[in-house]
Amino acid sequence: MPPRRAPCPHGGVLTLAMVLAAVVPALFAIPLDGRAVRLGVPLPAAAVAQGLRLEGRGLLQWRRLPIGGDEADPVWVELAITGPPGLVKVFAGGAGPCADGNGPVFRREERVETLPHGVRTTRTWHWHDGTVHECSRTVFSVATVVGGEPFAVGEAWTEANDGYLRAAEPWCRLERSLAVAAGVLPAAGGGGASTKTLRAHLRTVWPRLREMPGLRGAGDYRRRGDVVTNLEFDTTFALWCGALGLGEAELLQRARRAAMHLRDRDLDQRTGLPFPHGPDHRTGVPEPGHAWLQGVLVTGLLCADDECLLTAGMLARALAAHPPMGEGSQERLRDYAWPLLELEAWLRVATDPLVARAADRLAVSIAGRYDAGLRTWRFGEGAREGGAHFERAWLLGGLLVPALRAHLQRRPNRALQAQVDAAEAMLLQHIGSHGQGLPTHWQATANGVFAVHREEGTAEAAFLLDALPAADLARLLRRSTVRGAIDKLPGPDDPDLATQLTLLLRCRWVWR
């Protein structure tokens with residue numbers, strides 16, 4: 001007989017659905033280590049509609065996260081669990097949600113204070129076992145100095161205790177299927193021995209990644225030339241991939257700090273977009289080709305962090321409001337592809353007609369640049385004398401094709417699908433050609449390809465492979481020339497380690 005549990009004030013009495021749920025498999029299991037757990041998980045809508053219950057020594061409280069509409073499936077929910085060390089299982093058929101934050105597991109409070117230099121919001125979770133989780137965020141309305149470091153108007157400073165930051169660490173011990181359902185990891189298959197070797201190498205390299213010092217630097221990284229990366233290529237999302245793919249709790253903590261850094265330090269209050277990399281956190285000009293929301297979105301979902309979800313939504317709408325503006329040589333692939341990829345990530349979990357229309361416009365704009373003879377998309381930055389096209393193949397394979405795939409999942413289109421299929425075949429042809437390293441750049445005309453640049457030992461070469469279907473990837477990874485280009489990268493002393501690791505960790509093929 002399962003242990004007795006305190007009823008949720010928003011729950012109900014025992015129902016037939018609850019009785020029937022006792023004979024069906026658990027939705028998933030969570031290993032407890034004695035610390036309070038609070039995380040977000042995607043669950044089938046039909047299961048959530050029946051309420052949720054816990055089997056094992058522990059107490060459960062849950063609510064729907066503020067994302068997704070009534071038709072959402074799966075449904076993202078926050079689970080709060082306390083109990084002694086051991087395995088507990090979550091089943092459908094139980095108590096209803098505790099939407100107001102007061103239930104059998106914790107009581108949530110929020111306090112807002114007006115300070116001389118800004119506004120501080122403090123959120124506190126009082127757990128039934130005496131544990132207290134707390135997070136406070138101060139948004140500065142005047143320039144001020146904290147701990148000897150200057151903060152500008154519009155910046156913020158977040159403080160959180162250890163319990164709050166570690167509450168979602170069980171994600172590093174959950175079954176892989178949940179990480180796949182969450183959209184962080186791909187389904188297994190197609191990687192083989194090469195990806196296992198690469199993942200083993202990554203375990204030895206990521207600890208060499210050094211965060212910037214101080215309150216303003218925490219969560220961000222530098223690269224060659226003392227450039228502040230501003231989490232370029234979405235380091236936050238990459239760290240989440242590493243945390244769940246390698247089962248490393250420290251990478252999860254880094255991902256949380258990176259999400260806080262983006263929200264507190266890097267966002268421009270005028271455009272809603274983040275500042276790009278530069279000599280400091282807020283020196284570049286915000287642009288859609290250097291804006292990432294997947295990392296902060298995943299943080300909001302997996303950590304049940306409403307503020308990160310709000311930030312992700314604001315970023316999505318800022319991207320929707322800032323279409324690519326460059327012309328001629330300033331018309332860049334990244335200004336179309338990165339926003340499309342990020343907007344489609346938001347639309348996978350949110351109902352947002354404004355963002356959907358913006359994503360559709362981007363996809364139409366990209367499709368209109370397709371060159372059937374070259375089997376690629378032409379942007380102004382690639383124009384060369386004599387009608388030649390300079391192909392940045394690493395961005396084509398690692399960014400543009402995945403962005404269009406994501407769009408086609410939401411909006412199937414035969415003509416666009418044919419373009420993507422042809423581009424994939426073209427990339428496969430060049431990647432499979434003989435030669436040392438992988439072809440990351442080349443020039444092309446109707447008469448053929450020339451000036452091919454091949455690389456090995458770089459994350460750009462690895463990024464190129466993300467365009468390939470699993471079966472083709474598996475075949476190519478059996479070639480010694482391909483394996484040699486990606487084995488043991490990046491080097492632990494690479495001066496661009498932050499950027500190289502970000503690109504590599506976010507490659508979906510690495511986790512197959």
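Good morning, colleagues. The structure before you is a predicted model. The mean pLDDT of the protein chain is 93, and 96% of its residues reach 70 or more. The stretch to set apart is residues 1-13, over which the pLDDT is below 50. That stretch does have 27 contacts in the model beyond near neighbours in sequence. However, where pLDDT is low, the predicted coordinates should not be read in detail.

Let me turn to the helices, starting with helix 5. Helix 5 covers residues 193-205, which is 13 residues. Which residues of helix 5 are buried? They are Ser 194, Thr 195, Leu 198, Arg 199, His 201, Leu 202 and Val 205. Viewed down the helix axis, these buried residues fall within an arc of 160°, and therefore they line one face of helix 5.

Helix 7 deserves a look of its own. It has 12 residues and reaches 16 Å from its first C-alpha to its last, close to the 16 Å expected. Of those 12 residues, 11 are buried, so helix 7 is largely enclosed by the rest of the structure. Among the buried residues are Phe 237, Leu 239, Trp 240 and Cys 241. The covering elements include helix 4 (176-181), helix 5, helix 8, helix 9 (294-302) and helix 18. After helix 7 comes Gly 247, whose phi is positive, near 70°.

We move on to helix 8, residues 249-266. One residue I would point out there is Arg 254, which lies in helix 8. Is Arg 254 buried or exposed? Its relative accessibility is 8%, so it counts as buried, the cut-off being under 20%. Leaving aside neighbours within four places in sequence, Arg 254 is in contact with Trp 206, Pro 207, Leu 209, Glu 211, Tyr 221 and Leu 239. Leu 239, in that list of contacts, is also one of the buried residues of helix 7.

Helix 8 also brings us to the sheets. It lies across strand 9 (132-140) and strand 12, running at about 150° to strand 12. Those two strands belong to an open sheet of four strands, in the order 7-8-9-12, with antiparallel pairing. Strand 7 and strand 12 (156-160) are the edge strands, each pairing on one side only. From one strand to the next, the twist averages 10°.

Within this sheet, strand 7 (residues 106-115) and strand 8 (residues 118-127) pair in the antiparallel sense over 10 bridges. A hairpin of two residues joins strand 7 to strand 8. As for individual partners, Arg 107 is bridged to His 126 in strand 8, and Glu 110 to Arg 123 in strand 8.

Between strand 8 and strand 9 there is a loop, and Gly 130 is placed in it. Gly 130 has a relative accessible area of 58% and is exposed, whereas Arg 254 is buried. The C-alpha atom of Gly 130 is separated by 40 Å from that of Arg 222, 92 residues away along the chain.

Finally, there is an open sheet of three strands in the order 1-6-3, again with antiparallel pairing. Its edge strands are strand 1 (28-32) and strand 3 (52-55), each pairing on one side only. Here the twist averages 30° from one strand to the next. Strand 1 is joined to strand 6 (residues 86-92) by five bridges, and these two strands run antiparallel. Which residue of strand 6 is the bridge partner of Phe 28? The partner is Val 90.

Thank you for your attention.

Definitions and conventions: Residues are numbered from 1 along each chain as its sequence is written. This is a predicted model: local features need pLDDT of at least 70, side-chain atom pairs count only at pLDDT 80 or more; totals for chains, interfaces and linings use all residues. Side-chain values use heavy atoms; hydrogens and water are left out. The expected span of a helix is 1.5 Å times one less than its number of residues. Buried means under 20% relative accessible area, exposed over 50%, partly exposed in between (1.4 Å probe, protein chains only). The arc is that of the directions from the helix axis to the C-beta atoms. Two strands pair if DSSP finds at least two bridges between them. Axes are lines fitted to C-alpha atoms, for helices over the stretch in contact, and angles run from 0 to 180 degrees between N-to-C directions. Contact means heavy atoms within 4.5 Å. pLDDT is the predictor's confidence in each residue, from 0 to 100.
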